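Q: Could you take me through this structure? I would like to begin with the surface and then turn to the aromatic residues.

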Amino acid sequence: MADRLSARKQAQSRVVMFRQGLLTSLLNPKMAIFILALFSQFLKPEAGSIVIQVMIFASV
């Protein structure tokens, strides 16, 4: 019983840590500036949707 409770607490702790790390990364202004500076060199408006191009670059 105690092992199951401990495992549940550990799993919740991992979820909390992941959520906190994801939120920190998404709200980091340095990362957004870096991505805009890097991707803007390779985006071509005549090639189609900018949003689709950004998603393709982000997935690679």
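**Surface, helices and aromatic residues**

A: The model is a predicted one. The chain has an accessible surface of about 5,700 Å², and carbon and sulfur atoms account for 69% of that area.

Q: And what share of the residues is buried?

A: Of the 60 residues in the chain, 5% are buried.

Q: What about secondary structure: how many helices and strands are there?

A: There are 3 helices and 0 strands. Along the sequence, the pattern reads α-α-α.

Q: Where does Phe-18 lie, and is Phe-18 buried or exposed?

A: Phe-18 is part of helix α1, which covers residues 2-26. Its relative accessible area is 59%, over the 50% cut-off, so Phe-18 counts as exposed.

Q: Now the aromatics. How many aromatic pairs does the structure hold?

A: The structure contains 1 aromatic pair. The ring centres of Phe-42 and Phe-57 are 6.1 Å apart; because their planes meet at 55°, the pair is classed as tilted.

Q: Which parts of the chain does that pair link?

A: The pair joins distant parts of the chain, 15 residues apart: Phe-42 sits in the loop between α2 (29-39) and α3 (50-59), and Phe-57 sits in helix α3.

Q: How accessible are Phe-42 and Phe-57?

A: Phe-42 has a relative accessible area of 47% and is partly exposed. Phe-57, at 29%, is also partly exposed.

Key
Residues numbered from 1 in each chain as written. Predicted model: local features only at pLDDT ≥ 70, side-chain atom pairs only at ≥ 80, totals over all residues. Heavy atoms only, no water. Helix = DSSP H or I, 4+ residues; strand = E, 2+ residues; numbered from the N terminus. Buried < 20%, exposed > 50% of the residue type's maximum accessible area, 1.4 Å probe, protein only. Phe/Tyr/Trp six-rings, centres within 6.5 Å; stacked < 30°, edge-to-face > 60°. Areas by Shrake-Rupley, 256 points an atom, 1.4 Å probe, with all protein chains shown as cover.
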